[in-house]
Structure formats: structure tokens, C-alpha cells
Amino acid sequence: MKKTNTLLILLSCICAAAFVGGCGKQTSGTSTPGVKLKKFYWVQPLKGHPVHQMTQIAFTEGCRKLGYQAEIIGVDNDDISATIALAEQAVAKGDAAGMAVWTGNPSWNSFIEKTGKKGLPIMLPHFPAEEGSIPGASGVISCDPAEYAREAAREIGKAIGGKGTVAITQGSFNSTENLVSEVFAKTLQDLYPAVKVLRPQEEGFDAPRAISRAVSILQANPDIVAALSTTGNGAITWAGAQRESGRKVVAVAMDYTRVNLDLVRDGSVYALIGQPLWDESYGAAELLDQLVRGQKISWWTKLPAPFITKDNVGPYLALLDKVEAAIKR
Amino acid sequence: MKYFRNLWAIPEAGIFVPLLVFTLVFFSINQSFLEPNSVAAMLRAMTFVGIIAVGQTWLMISGGIDLSVGSVAGLCAIVSSWLMKAQGWPVEAGLLVGLTVGLVAGLLNGLMVVRLGIPAFIATLGMLYVARGLNYLLCQGYPIYPIPDQLKNFGRAEPFGLSWAFVIFVLLVILGDFTLRRTVNGRKVYATGGNKEVARIAGINTAWVQISCYMLTGGLAALAGMLLMAQLNVGQPEIGVGWELDVIAAVVIGGTSLFGGAGTVTGTFLGLLIMQVVRSGLVVTGVNTHWQTVAVGVIMVTAVWVDLLRRKTKI
């Protein structure tokens, strides 16, 4: 019995030693003086989302080119608290030279403020924010949603000859999509008073349900001539709704995925708004590098969001080839 | 009066009455609600969740529940499209493997619940995460596109102005309802869910009944996922996200007991129809999008309440 107890104690000691050794040295969460940190973190919820994958690859490419190590952290769903917890763990490791946080949600503000105070540069890609509204953040890199909403209104208005009814659908009701819908509706009404703009409807993220909802919108409004979807799935939604209802509308949606580009090429969708996903993510790495080297950057690095029609899908297909090659690597 | 009382005594009447009322209300507000295109779109939209709901009805009647159906549907769609696109497998082989993955997921769920005694809620919740994770591992979060033309053409075909997926769904409803009500195997499912111990003493292999119901649900989840993949012409990693709640809601609204032993596939079909009618009707009638979500919840509870009233009247 005594022998067994001794063995157990010995085994416990070995396990404890292995555990302590495996965990490595504890860090205080701040960088060690004299050690040059070469890692940038990319923090993002829904990390498996195809659009998010593209941004992660762009950021990783940017880091690689600049000689930094990149680490992607995030969860598979859109749980903000779980993502913040992961970001806090990353900061606590003490090896971060900078961090890019993909969020437009104020729940992140206290984390960003706390981390910014420690001297870690934090870039916010994709979601514009007023200067000073997020203490601790170093800057924002994105397109201007209000600007692309205005351009969509101009282009759609032109395509429908300034008359008819226009529908708007959103993936969900969040600050960016709400802003795009509002600016789009206002611009269209200002430029073309004869156009009636319907109130935005939520299409959600389940394709059959989104298509059915879009068909219902078309059925309820026989005079619909165009539709704007403020989400990337909107191209599939409105292409499907046109097919099922036998109606033809000028449909515009977001994001240049391969499926969406093909829908533009075959005429099912009139155009896509090309959010600069690659440039803003790659650019976030470049701006973090500038901050690490002590350079000043402007609060908002504004990028264009081109309107992609049948005539200019080529460069975006080439970009996707590059992304797919990077995934294979 | 007696005639109406007899009509009210039919199990599905409690769901059919609210369905009829909602349809008439929406139609009176906007006549386009019942136009052929609109009806076809509603029927098409409920197809994929509906196919799984047939299996889930069997499973819930047998006393089980499967929360992993949406994730399994997504995984099977991705597995089959990945085999066809990235590995160059023939369409038939890709679909067969996809279906097998669904059956295996169902088998594992069944074994965890029946043999290991893990509560169904936890076992299938675990499978939900495993399947979703494997899905993303395989496709790296990217849609698998394009899928073979053969499958694309099948997905785009419109028999009877609807889709092959809908035709399959209707056949499954008829077959599922008939088998459940009129065959020995169907009665075994009712007996197992009604009182497992009594069923076992009566000589029914209750473990096998439940495991086979899990496999049926897994297989139908795979079928639904692959049919949606064909219709969308892309293996979307998001296929099936959130379906589990819609499936369970339709089955319960359709009158299937959460405790097992009672329910019909026809009831589930009406449950699906009522959910779709409410969702589409609120859009067609121009209800504010935020109120639509509130209304869907209220109307679903009301429909179940009317059904409960019917049962009480019957007693």
C-alpha cells in the first residue's frame, strides 16, 4: 500500500513538472525590453467564413512580405465575448507587436482601450469609425460604405431609367448594413424622385429562406425593377428569386466571390460592390508595420470600393486565383 | 354539428385550422400571396428542412431528438462536392459517400444515446460541433464551386413548375406517413416512444428501433444538404446552419410529442407549411421586418395552443 502511494506521489510530481515545463514561462502581458517582437495578430469572429478567410490570407501575405509572423485568432461563430477572451489570451502571451481587430461592435471598445494603453498598436480594418470614438485604436482602414451606397444608387438609378420600385435586403441589421441602406435610399430618392424605395427586409443567411423572402417581396410589389442586397449572399438570393419568380430585375449585391462573379458574368446579377477586402487586410499589416517603426498614420485610410459589372470581372477572378493558390500553399 | 365534431377529432385538424385561417387572412390582404409563383416559392423553401423533418418526426416519436441535422447536412454537401470537384470522383460516387457520411453520423448518434447512455441532447449537440468543424476543415471555409453540370442541371430542373427536391420531399412525406401508420415497423416506433420498457417486454428491439431512427434522420439530413447543393450549384459551407431549430419547430407544431409516442408525418408537413405561410405572408402583407420575427413566434405558439385545445376537447 505504502509502495503504491509513493509511486502515485512520484507520478504526480512528474506530471506536475511536465505541465509546468509545457506551459513555458509566465508572461506579464507586456513585451520584454530589448526583445524585438515580430508577430502581428489578426482577430476575427466567424473565422471560417469565406470572405473572412480571404482577409486572413491577405493579412498573412502582408505580414510575410514585411517579415512578420502572422497569427489568426477567432471563433467559428459570431460570439463576441469568446473572441475577446481569445484576444486577451493572445495579448497576455506578450509576443504581439501589433493587432488587427475585425469589428464594428462597441463591445470591443474596453478591450481595445485597455490594450492600447499598454502601447500595442491596434488597427481596425473594414469598419469605419469616427476618430476618437474608440480610445486605444491606432486607426481604421476601409472603404466608405456611405460612398459605395451613393454609387450604387447612382448606377441603379441610371440602369432603371429613373423610375420604378427598388427593394433593399440586408443579411442582418447591423451598423454598416443599416448605414448603406439609409444612404442608398436617400441618394436614390434625391436623384430620382419618381423611384419608390421599399423599407429594408432581412434576408438572413439561409439560402432557401432568403430566396423565398425575395420572391415574396417580388410578388407583393409587381413594379419592382431593381434590388440592392447589402450582404455577400445577396447575389445568390436575388439570382434565385428571379429564376423562381420568372421576373427580371437589376440586382446589385456585395463581395466578389467566384460564385457571385459568375452570376454577374451570366447576367443573373447586374453588379457587385467590390469591398476592398484584400487591400484593407493587407494594408492593415502595412500600417501596423509603420506604427511599429514609429511612423505616424492618419486615422482613416480610405480605400475605394469599385462597382463590378460584366465588363470588369477579370481582375477579380485573377485575385481569387491568387487567394486559392495561397490556400493550397 | 356532429360532422364538425368528427372533423375536429382528426389529429391534424388542430394545425390545419390555423393554417387555413392564416392563408385566408394573408390572401385577403394581398391576393398575390396565392399566385402560382408565390405558392411554388413557398413550397420550394420548405423542401430541405422538410426532408429532414420527416426523419426527425420518426425519431421524436421513438423518443429521441437530433440537434446535429443542420451540421450533418452541411458536412455531407461539402464532402460530396469536395470529392466531385477536388478529387474528380464521379457524381454518383460523390453522392453515395455523402449519403454514407449522413448514415454514419446518425449511427454514431444512435450508439452514443442508446449504448453509452449519453442524453440525446448532449450527444447530438456534440455531433453538431464535430460535423461543423469537419466541414470547415475540408473546405477551409470556402465554397466548393462549380459542381458538375450533371448535378447543376438536376438542381435547376423544374418538374411540375417546382423542383426535383420538392418532388422527393413529397414522396418522402407520403412514404414516411404510410410506413409510420400502416406498417409493423411504424407501430414499433410508436410503441418504443410511448413506453420503452413495455415495448421491450413485448419483444421489440427498442435499441435497434431508436438507432435506425437516428440513421434515418442522418441519411435524410445528408440528402437535404446535397439537394440544396445541387439547387444552389455550389457546396456552401453554411448549408444547414440553424436548420435544427426549424426542423424541431415544424415537428412540434405538427403535433409530435417531445416525449415520444405520438405524432404523424402529415402533421409535420402541415407544421412546415404553417411556418412558411406565416413567414412569406408577413412579407407579402408588408409587415415591418422586425415585427415579422415577433409575429412568427407568437403565431407558432398560437398554432400549438389551438392544437392543444383540440386535444382537450377530444378528451
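Biologist: What share of the contacts in chain B between residues at least 6 apart in sequence join residues at least 24 apart?
Modeller: That share is 79%, where two residues are in contact if their C-beta atoms, placed from the backbone, lie within 7 Å. Please keep in mind that this is a predicted model, in which local features need pLDDT of at least 70 and side-chain atom pairs count only at pLDDT 80 or more, while totals for chains, interfaces and linings use all residues. Residues are numbered from 1 along each chain as its sequence is written, and chains are lettered from A and ligands numbered from 1 in the order in which they are written.

Biologist: How many helices and strands does chain B have?
Modeller: Chain B has 14 helices and 0 strands, both being DSSP runs numbered from the N terminus (H or I with at least four residues for helices, E with at least two for strands).

Biologist: And how much of chain B is buried?
Modeller: Of its 315 residues, 53% count as buried; a residue is buried if 20 or more other C-beta atoms lie within 10 Å of its own, exposed if 12 or fewer, and partly exposed in between, with C-beta atoms placed from the backbone.

Biologist: Is α3(B) mostly enclosed or open, and why?
Modeller: In α3(B), 23 of the 26 residues are buried, so this helix is largely enclosed by the rest of the structure.

Biologist: Where is the kink in α3(B)?
Modeller: The kink, of about 45 degrees, is centred on B:Thr47, the bend at a residue being the angle between axes fitted to the seven residues ending there and the seven starting there. Just after α3(B), B:Gly63 takes a positive phi of about 100 degrees.

Biologist: Switching topic, how many residues does each chain bring to the contact?
Modeller: Chain B brings 31 residues and chain A brings 29 residues. On the side of chain B that touches chain A, α3(B) gives the most, with 8 residues.

Biologist: Which residues touch the most other members of the largest nonpolar core?
Modeller: Those are A:Val269, B:Ile52 and B:Ala73, in a core of 152 residues; a nonpolar core is a set of buried Ala, Val, Leu, Ile, Met, Phe, Trp, Tyr and Cys residues joined through C-beta atoms within 7 Å. The largest share of this core, 17 residues, comes from α11(B).

Biologist: What does A:Val269 touch?
Modeller: Leaving aside neighbours within four places in sequence, A:Val269 is in contact with several residues, including A:Trp238, A:Leu263 and A:Val264.
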